[in-house]
Amino acid sequence: MSNERINVVVVGYGFAGRSFHTYLVGLEPRLRLHGVCARDAEKRAKAATERGCKTYETVEAVLADPQVDLVVLATPHDTHAPLAIAALQAGKHVVTDKVMCLNSVECNAMISAADQAGKLLTVFHNRRWDGDFLTVQKLMADGQMGDVRWIEMSWQRYGVWGGWRATLEKGGGRTYDLGAHMLDQALLLFPEEVESVYTRMHRDWPSAPTESHATITLVFAGGRTIVIDVGSMTRWAKPRFHLVGPDATFIKYGEDPQEPAMVAGDIDTAREPEANFGKLYTGQTKTGHGATPVPTLPGRWRSFYENVADALVDNGQLTVTLPQMRRLMNVVDAVFESARTGAAVQLKQK
């Protein structure tokens with residue numbers, strides 16, 4: 001392995017920049033948190049104190065600094081495309097927080113800029129390393145359930161957002177947030193071409209124009225189906241995962257515990273409580289016969305920036321690839337088109 005270290009600047013020091021990106025970058029020895037960029041003077045002072053790094057007031061200052069190798073965008077979703085393109089054209093590698101951007105047009109422009117610059121571009125889909133998702137992938141790979149053709153995924157919370165996350169034009173709302181993670185997971189579980197997308201959205205919060213609830217149905221070539229349910233008006237959540245196969249059904253409640261552990265300052269203490277273990281049903285669900293607890297595999301969000309370091313320092317292969325992101329953004333376009341028209345959108349992946 002090379003002894004090279006990559007200088008990283010995180011743009012944005014809100015919740016994502018502070019609790020996710022600067023923290024996780026600091027855990028990877030081949031990356032060095034060189035700086036934080038924030039327009040707010042108090043946030044810059046806080047970053048300097050908490051992270052012991054350089055601070056920048058403007059993105060332009062970051063891009064003009066020849067010591068900066070990698071720019072991480074922990075900024076509102078509508079800024080990802082213009083900031084990423086500017087950073088790539090300035091010769092920097094780029095990580096954007098999810099969602100990558102607002103639509104496939106922006107996605108294609110970002111990919112073109114990365115190709116022309118010959119620089120790394122990837123997206124922070126840390127939820128690929130959630131313990132529950134890793135467990136689902138293993139169950140399907142092991143064939144314990146038979147040929148799974150129907151999956152329901154939900155992520156439901158209660159409470160209306162404020163700030164930019166309550167602004168539709170900036171990419172606010174649950175669909176661009178948790179929904180983007182779920183769509184990414186869905187496309188990994190079923191690699192077949194997506195044939196159609198049908199979405200229903202409700203906007204029931206009078207104080208916010210973003211959706212209060214969205215249900216998305218993805219139909220894949222060959223007939224596999226995934227239903228995604230995401231919202232912010234639910235006081236009692238559905239199962240996070242509900243998989244149906246001919247040999248078994250798997251049901252899993254609860255959320256991955258890494259976020260609260262990370263916010264507390266030690267992500268490695270994250271442990272899934274046994275009460276949240278999923279159950280594999282092989283008998284009659286009315287009686288609970290055949291319900292076997294399935295211990296949740298350990299999640300590992302550290303893996304994202306380890307993979308970025310692998311790619312930049314040791315010439316490794318990225319896990320979150322640009323073809324995957326183009327596929328995802330094509331589906332995101334269809335999600336919002338269907339919600340707007342009220343009709344299913346037929347599409348072919350490009």
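**A walk through the fold, from a cavity outwards**

Let us start on the inside: the largest cavity holds about 60 Å³ of space. A cavity is a set of points on a 1 Å grid over the protein atoms alone where a 1.4 Å probe fits but cannot get out, and its volume is the space filled by probe spheres set on the points, which are joined across faces, edges and corners. The model is predicted, so local features need pLDDT of at least 70 and side-chain atom pairs 80 or more, while totals for chains, interfaces and linings use all residues. Residues are numbered from 1 along each chain as its sequence is written, and side-chain values use heavy atoms, without hydrogens and water.

How many cavities of 30 Å³ or more are there? The count comes to one.

Now for the open spaces. A pocket is an open set of points with protein on both sides within 12 Å along at least five of seven lines. The largest pocket has a volume of about 900 Å³. Its lining is made of 38 residues, and Ala16, Ala74, Thr75, Pro76 and Trp164 lie nearest the centre of the pocket. Helix H1 (15–25), H3 and helix H7 (178–189) are the elements that give two or more residues to this lining; the largest share, five residues, comes from H1. Helices (H or I, at least four residues) and strands (E, at least two) are DSSP runs, numbered from the N terminus. Sorted by class, the lining of the largest pocket has 15 nonpolar, ten polar and 13 charged residues. The second largest pocket has a volume of about 270 Å³, and 17 residues line it, including Gln258 and Arg271.

Next, look at helix H4 (residues 80–89). After H4 comes glycine 91, with a positive phi near 85°.

Two loops are worth a visit. Between E5 and H5 you will find valine 99, which is joined to lysine 98 by a cis peptide bond with omega of about -5°. Asparagine 315 sits in the loop between helix H9 (302–313) and helix H10 (322–341). Although asparagine 315 is not a glycine, its phi is positive, about 60°. At 69% relative accessibility, asparagine 315 counts as exposed, a class that means over 50%.

Finally, follow the sheet. In general, strands of a sheet pair through backbone hydrogen bonds, either parallel or antiparallel. In this model, nine strands form an open sheet with mixed pairing, in the order E14-E13-E12-E11-E7-E10-E9-E8-E15. At the edges stand strand E14 (291–294) and strand E15 (345–346), each of which pairs on one side only. Two strands pair if DSSP finds at least two bridges between them. Strand E7 (residues 150–156) and strand E11 (residues 241–244) have four bridges and pair in the antiparallel sense. Across this pair, glutamate 152 stands opposite histidine 242 in E11.

Note on methods: 1 Å grid on protein atoms, 1.4 Å probe; cavity = no way out; pocket = protein on both sides within 12 Å on 5 of 7 lines; lining within 4 Å. Buried < 20%, exposed > 50% of the residue type's maximum accessible area, 1.4 Å probe, protein only. Nonpolar A, V, L, I, M, F, W, Y, C, P; charged D, E, K, R; others polar.
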